[in-house]
Amino acid sequence: MSVLLLILSALALIYFSVGGKTAAIVMSVATLAGVAQDDWHLLSFLSGGILLALALLVTLPGDLRLDKFSRPLLGWVRRRLPRLSDTEQEALRSGSVDWDGELFSGKPAWNKLLDAPPAHLTSEEQAFLDGPVEELCHMLDDWQITHEHYDLPDKVWKFIRNQGFFGLVIPKENGGLGFSNTAHSEIVMKISTRSVSAAVTVMVPNSLGPGELLMHYGTDGQKQHYLPRLASGTEIPCFALTSPVAGSDAGAIPDKGIVCKGEWNGKEVLGLKITWNKRYITLAPVATLIGLAIKVYDPEHLLGEQDEIGVTCVLVPRETEGVNTGARHLPMNTVFMNGPTWGTDVFIPMEQVIGGQEMVGKGWTMLLECLSIGRSISLPALGTGAGKLACLATGSYAYTREQFGRSISQFEGVQEALEPIAGYTYMMDAARLLTAGMLDRGVRPSVPSAVLKYRNTDLMREVINHAMDVVAGRGVITGPRNFLARAYQAVPIGITVEGANILTRSLMVFGQGAIRCHPFIVEEIEAAGMDDNDKAARKFDGIFYRHLAHTTRNALRAFVLGLSKGWLESTPRQGDIQKYYRQLGRFSAAFALMTDVTLLTVGGGLKARQRLSGRMADCLVQLYYATAVIKQWHEEGYPEDQRDLVEWCLQTCLHDLQSAMRDAIINFPVAGLRWPLRLLIFPLGATGLNGPDDRLGTRVAATIVRDTAVRQRISRGTFVNPDPNDPLGRVLNAYKLANETEGMRQRLHDAIRSRNEDELDGLALLMGHQRKELVDWACAQGIVTADECPKLEEALTALYDVIRVDAFDAEGLKALAKDAQGKRKVVERSPRS
């Protein structure tokens, strides 16, 4: 009995995270109570005393524990912990931890999520969206941009410059607009629903362009000179990181700068002789100011004793002798400016190093800090914009398109495709806003930025593919009428750039997050890396046993919550979604346990275990997106008309989370741990989280078909041109008329179905474009009134027009190809400057 009481007491204390001194007192009382219950039996006394001694050893610090346990353990841990390269160590030191840390903790503090200030726009930012952004979108004709001009028109470039689009986030005192990260995201998202090429042109200078680096690291002189010029568009920036043989791996960058003396503006100064060869650089063909990431070497030791100083960020004016730009890449038929830049032994002074000479060698940290901002905004906004456009256009098209006398939106097969379009778009928007809110609070979310970039671009692919399935032939024929083609073609761009999704999922999300967000691992790595063994052992002693208790607690939580299906987890009451909170709490504990077991057993081999790392990344993604959905619904006041969407998202995330964790366990590299992990995490089996059922899916599909407030909420932020000659406006006009004439058209269909062919007087043989004859017959038969006939004919005309596609005769195609070839030559020979 004494042993049983002590074990139960220990487990309870660990489960509820009771402190060391209190735990020791409680366990002492439990031991005495158990021994007394056993009539002070000697065996009970001895066994209870041994367990109590072990407990005291863990809970109370002392030299005995340090010498007998902590020092030997430190040696073992040093062999197990992952070895980090210099760039990985810098990555750990950059950025900050916010809600992602709670998910790794195993016991999320839900109040931290719900009470965090939400993403919001100021009245000035909203006015900019309603004014200049709206005007810019009206100026954009995507067909002309991508198939005739191969560029934004001159008037658009001028408008972007004059209205401050290149200086959205540059402070007002430096000539910019000083907008929030949320505003930046909303602006890029809205423009992207009109033109991907224009959206990319606007977003790059405001994310990883030199402006962001100068704002945070530039010298006062650099800020005063460059920021106003960047904000006004006098300077067009690009930032060149990617090299042909190294991709975006800073550790493998072959581009170099040699410290030397040279001539600049007629004077001999200390500087760098740089050689680079970069590709895929957005805005490079038109950039007047080129930011570069290079490795700096000091063979003559002009700066110090080191030969290799490290990654450095520099600014190179385009007119500098030896700089080469102007040629263009064409990324998947989008025509934003993108191309290579190169130079050999180009001399620049130290004043062109971002941050000045003292920042030589600190470029990787600078890039990581800024990447966490830009990656949280640009591509996630682009992905969300594509989703919102797909919801608005595809929902409208599905309602207006009729087969067999019925709207195809009533067919279950079509609903099955509409369902994820609506649900995933709501999910993307929620995650985008959660992360933008973090940025506006000053958080630099290195891990969430990777999660968001990977998942939003991946969901963009899912949504657009489903939209193309619904729109079918209407979406695959290129031409001015096509409202989905550019979003479809742009999908691989988002998947590939700013860290390809395979790399991001299999290496970055969990590989960095497991260490960066863990409450103890970073300190243990620091202890293991200390040269002074005594200090290292003492530092380790103060951390490891708390880590051990943390892991044990999460194992207990995962097991107990798995047995009880989460019912022992305390949850917020708002929204009546306690069952989802319970499951998220349960899986957070399981995820934290899996993280510890992975680091303990796989350790430094995690980089090679990319399937495991990818599956753990998927677990984190589902936790993050589910909680983002809860946060967004909370901020909007739990509107009931969004409940179906919220529940669909939560059920989908939990189902996918369970599948990813199950796959991680059954394929765990250490085979002997697979069954124990399955028992701890899935004590009742991996069942019960089946995802949304068909009834919920049908209701979610209807949210983008029915003309309701929730449809407007899902597509909020999309640019809408109601002109029936506009690609999207044509669909929305038909949708509006279809809703207005639903009763008339239903009477017409019922009348046609109820009559035989002779009674129709040959009407069944009418072609789809013979609408007037059909309306005249309906009027003569009394099916519609004379007052209704014009409206019905207008609606039928619009419904027929919306399914029409573009066609080009042979001569027209030849002229188009010839014109395109001529424009390519002009662009190659005369790049915009």
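Buried residues, meaning those under 20% relative accessible area with a 1.4 Å probe and protein chains only, account for 56% of the 833 residues in the protein chain. The structure is a predicted model, in which local features need pLDDT of at least 70 and side-chain atom pairs count only at pLDDT 80 or more, while totals for chains, interfaces and linings use all residues. Residues are numbered from 1 along each chain as its sequence is written, and side-chain values use heavy atoms, with hydrogens and water left out.

The accessible surface of the protein chain, computed by the Shrake-Rupley method with a 1.4 Å probe, comes to about 34,800 Å². Carbon and sulfur atoms hold 54% of this surface. Contacts were defined as heavy atoms within 4.5 Å. Of the contacts between residues at least 6 apart in sequence, 77% join residues at least 24 apart.

The secondary structure consists of 33 helices and eight strands; these are DSSP runs numbered from the N terminus, with at least four residues (H or I) for a helix and at least two (E) for a strand. Helix α12 (residues 196–206) is mostly covered, since eleven of its eleven residues are buried. Among them are V196, T201, M203 and N206.

Strands are taken to pair if DSSP finds at least two bridges between them. Strand β3 (residues 267–282) runs antiparallel to strand β2 (residues 256–264), and nine bridges join the two. Within this pairing, I258 has K273 of β3 as its bridge partner. Two residues lie between the strands in the hairpin of β2 and β3, where N265 takes a positive phi near 55°. Strand β3 is also joined by nine bridges to strand β6 (residues 338–349), again in an antiparallel arrangement. In β6, G343 stands opposite W276. In a regular strand the side chains alternate between the two faces of the sheet.

A nonpolar surface patch of about 230 Å² is made by V476, I477 and V805. Patches comprise residues with over 30% relative accessible area and no salt bridge, with like charges joined within 9 Å and nonpolar side chains (Val, Leu, Ile, Met, Phe, Trp, Tyr) within 5 Å; a salt bridge places a side-chain nitrogen of Lys or Arg within 4 Å of a carboxyl oxygen of Asp or Glu. V476 belongs to helix α18 (residues 473–476). At 58% relative accessibility, V476 is exposed, the term used for values over 50%, with partly exposed in between.

The structure holds zero disulfides, defined as pairs of cysteine sulfur atoms within 2.5 Å. C391 is buried at a relative accessible area of 2%, and C619 is buried at 0%.
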